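Keep the sequence and the 3D view open while reading.

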Amino acid sequence: MPIKFDKAFELMKAQGLSTYKIRKDKIITESTLQKMRENRHITTQSIENLCKALDCQPGDLMEYIDKN
């Protein structure tokens, strides 16, 4: 998949937002976190929730990598 979520995990780490806290505060689900780890599709609602929690824009969470 050409969308990568590495930037999201880097930003979470930099801001001290653990995956435990994300699940505990119901920002996104464990299955969504797993999809992000696997660079699979997630909903725009999940992206919105992460942007709100991290005070960022969608481009701060993900990037498009052209495989050509």
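## The two sides of helix H4

The model shown here is predicted. On one side of helix H4, Thr44 and Lys52 are exposed. H4 runs over residues 44-54, and its buried residues are Ser46, Ile47, Leu50, Cys51 and Leu54. These five cover an arc of only 135° around the axis, which puts them on the same side of H4.

What covers the buried residues of H4? The cover includes helix H1 (6-15), helix H2 (19-24) and helix H3 (30-37). After H4 comes Asp55, whose phi is positive, near 50°.

## The nonpolar core

The largest nonpolar core has 17 residues. Those with the most contacts inside this core are Met12, Ile22, Ile28, Met36, Leu50, Leu54 and Leu61. Two or more residues of the core come from each of H1, H3 and H4. H4 gives the most, with four residues.

Neighbours within four places in sequence left aside, Met36 is in contact with Phe5, Ala8, Phe9, Met12, Ile28, Ile42 and Leu50.

Thr32 is part of helix H3. Is Thr32 buried or exposed? Thr32 has a relative accessible area of 11%, and because a value under 20% counts as buried, Thr32 is buried. Apart from neighbours within four places in sequence, the contacts of Thr32 are Ile42 and Ser46. Ser46 is also one of the buried residues of H4.

Most residues other than glycine have a negative phi. Lys26 has a positive phi, near 55°, and Asn39 also has a positive phi, near 55°. Neither residue is glycine.

Where do these two residues lie? Lys26 is in the loop between H2 and H3, while Asn39 is in the loop between H3 and H4. Their surroundings can be compared by accessible area. Lys26 is exposed, with a relative accessible area of 73%, whereas Asn39 is buried, with a value of 12%.

## The two ends of the chain

Lys67 belongs to the segment after strand E2 (63-64). Lys67 is exposed, and its relative accessible area is 63%. Which distance separates the C-alpha atoms of Lys67 and Pro2? The two residues are 65 residues apart along the chain, and their C-alpha atoms are separated by 6.6 Å.

Contacts across the whole protein can be counted as well. Among contacts between residues at least 6 apart in sequence, 61% join residues at least 24 apart.

## The protein as a whole

The protein has four helices and two strands. Along the sequence they follow the pattern β-α-α-α-α-β. The radius of gyration is 11 Å, close to the 11 Å that the globule rule gives for 68 residues, so the protein is as compact as a globular protein of that length.

Along its principal axes, the C-alpha trace spans about 40 × 20 × 20 Å. Of the 68 residues, 29% are buried. The accessible surface comes to about 4,700 Å², and carbon and sulfur atoms account for 50% of this surface.

Conventions. Residues are numbered from 1 along each chain as its sequence is written. This is a predicted model: local features need pLDDT of at least 70, side-chain atom pairs count only at pLDDT 80 or more; totals for chains, interfaces and linings use all residues. Side-chain values use heavy atoms; hydrogens and water are left out. Buried means under 20% relative accessible area, exposed over 50%, partly exposed in between (1.4 Å probe, protein chains only). The arc is that of the directions from the helix axis to the C-beta atoms. Contact means heavy atoms within 4.5 Å. A nonpolar core is a set of buried Ala, Val, Leu, Ile, Met, Phe, Trp, Tyr and Cys residues joined through side-chain atoms within 4.5 Å. The radius of gyration is taken over C-alpha atoms; the globule rule is 2.2 Å times the number of residues to the power 0.38. Accessible areas come from the Shrake-Rupley method with a 1.4 Å probe; for residues, only the protein chains shown count as cover.
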